[in-house]
Amino acid sequence: MNGPPGSLAPKLEPPSQEVALYEIRKRIHPRAVHGWFAGWRWTLVFLTQAIFYGLPWLSWNGRQAVLFDLAARKFYIFGAVFWPQDVIYLAVLLIVAALALFLFTAIAGRVWCGYACPQTVYTEIFLWIERRIEGERLARIRLDAARWSLDKLVRRAVKHVSWLAVALWTGYTFVGYFSPIHDLGVSVLTRSLGPWESFWILFYGFATYGNAGFMREQVCKYMCPYARFQSVMFDKDTLVITYDRERGEPRGARARSVDPRQKGIGDCVDCGICVQVCPTGIDIRNGLQYECIGCAACIDGCNQVMDKMSYPRGLIRYATENALARNLDAHSIQKRMLRPRMLIYGALLLAIIAIAAGSLAMRNPLKVDVIRDRGALARESVPGLIENVYRLQLMNTDETPRRFTIAAAGLPGIAVVGVEQPIAIGPASTRLIALRVQVPVDDADRDENHERGRDERHEEGRGDGRHEERRHGALEPGPHKIEFTISAVEDQEVVRHEKSSFIVPRRCHLAGVVPPPLALAADGRAVPGCHGVAGERVGRGAQR
Ligand code: SF4
Ligand code: SF4
């Protein structure tokens, strides 16, 4: 309200002001910096890029050492081959990555962002190229402001061609993890790249070019979700890059010969170098900001100034909120790192890594899927001998060729027929095996039929009969539990036991008929009838 209540004076509206929805970007030209942390950053750049660019060119057992073959649904990582059934390891990897991120962020803030994040690493590489071609910070600012000339055109053209070369090589390397990189090279040279390979090389390449060449700090400030939720992982004992306000203020320029204590000023000479070296263009003296990626460039920059002024280093340094508030020394800071949260994260991380490593080391290279034949649930091959049909998918998941035998157990007289054994399976290969399981069904016929079945199996030269059982007793109609045992001939440690069920229809064969198709009740039990003629298919539907 303007004026007293009841006043007839006109109300004064505040003048309208147009506020931009988006802040106009100020182009940042970070100054080059040298020092201990810059050394670590470059070490991480070399290390991560040596791994990224180098790995796909390594060979192992005559194939690419690391290859994520999506078409064949197999991931090769040196000696290990991962199949879709191993997706649990991918889940474990994601859990370990998330826990490690929580742990390291709680200890030392955004170390990942500052040293190893691809956005930081590629921005560092692209900035290095820019410096080589356009010069240091002031030269780049001048070139930006200058009118177009031949010199500017040439410099800009060389810079962009160099950036594009790095970006496309990055895209090519990325696709080389999913498609054999040597073949990919041949396809590029012969211009016979497939549409998907072309798309992903260009997509990944231009994403690198755009993010590291143009977007730079904008990705960290506006696109990366991690910057937004990092603060929830921080506490008062998290190491963050901090300006020591108590020591630095009041800031001000002075000659080297002046004693700041006598002049009543702090150690900050207000040179602005910490701002000039910052890739996100912030002033760390204003306190911790979400834009700070924790690269520590300002520490190196400020330490150089402190050296020149003959002041102690560390006006900007890694410190914790508690350390600054209570003047803790380095030893006390380290001791406070071992707080319960860290111990829980650390213990969980170690436990998960140990369990995953143990499980990988003891991984059974044989995987088996037993599939009941959907077309024929149960039939009577000869009177008194019931037969079920199965398909077994055998996967030899490592790189040793193996031979396997299949046996069945769980019912009297049970035998596997209709498959030539042993079954050879090549390295990292899979085979779908169709087989029949026969069981004699009544006391009167069992011996005769058992012998008949045995004769048949011997004639066919199939079935090893190791698990045949000669117990007597009537078999109830319906499903019966059985177990397949698949074992490697050369290595008895490689063995799998797979449970399944064997369907016995009602014993109608004595009357010369066999049951009609079985219906499956809601609980999965077969409900047999008693019609039809001998030898007719008696089942449909499927059940593991
Ligand atoms: S404030 Fe310092 S640590 Fe943070 S981004 Fe800028 S230079 Fe890096
Ligand atoms: S670099 Fe150090 S001395 Fe220079 S302005 Fe930043 S904090 Fe102050």
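**Before you start.** This is a predicted model, in which local features need pLDDT of at least 70 and side-chain atom pairs count only at pLDDT 80 or more, while totals for chains, interfaces and linings use all residues. Residues are numbered from 1 along each chain as its sequence is written, and chains are lettered from A and ligands numbered from 1 in the order in which they are written.

**Stop 1: ligand 2.** Select ligand 2 and the 16 residues around it. A residue is near a molecule if its C-beta atom, placed from the backbone, lies within 6 Å of it. Cys268, Cys271, Ile273, Cys274 and Cys302 come nearest. Now colour the shell by class: 10 residues are nonpolar, 3 polar and 3 charged. Here Ala, Val, Leu, Ile, Met, Phe, Trp, Tyr, Cys and Pro count as nonpolar, Asp, Glu, Lys and Arg as charged, and the others, Gly among them, as polar. Show α13 (273-276) and α14 (297-309), which each supply at least two shell residues. The largest share, 3 residues, comes from α14. Helices (H or I, at least four residues) and strands (E, at least two) are DSSP runs, numbered from the N terminus.

**Stop 2: α1 against α14.** Select Trp36, Phe37 and Ala38 of α1, then Ala297, Ile299 and Asp300 of α14, to see the contact. Two residues are in contact if their C-beta atoms, placed from the backbone, lie within 7 Å.

**Stop 3: the largest nonpolar core.** This core has 31 residues, and Ile241, Cys274, Ile284, Ala297, Cys298, Ile299 and Ile316 have the most contacts inside it. A nonpolar core is a set of buried Ala, Val, Leu, Ile, Met, Phe, Trp, Tyr and Cys residues joined through C-beta atoms within 7 Å. α14 gives the most, with 4 residues. Domain 1 (117-233) and domain 2 (240-331) both contribute, so the core lies between them. Domain bounds come from an automatic or database assignment. Centre on Ile284: its contacts include Ile241, Tyr243 and Cys274.

**Stop 4: Gln438.** Go to strand β14 (residues 429-440) and pick Gln438. Gln438 is buried, with 29 other C-beta atoms within 10 Å. Buried means 20 or more such atoms, exposed 12 or fewer, and partly exposed in between, with C-beta atoms placed from the backbone.

Terms used. Lists of a residue's contacts leave out its neighbours within four places in sequence.
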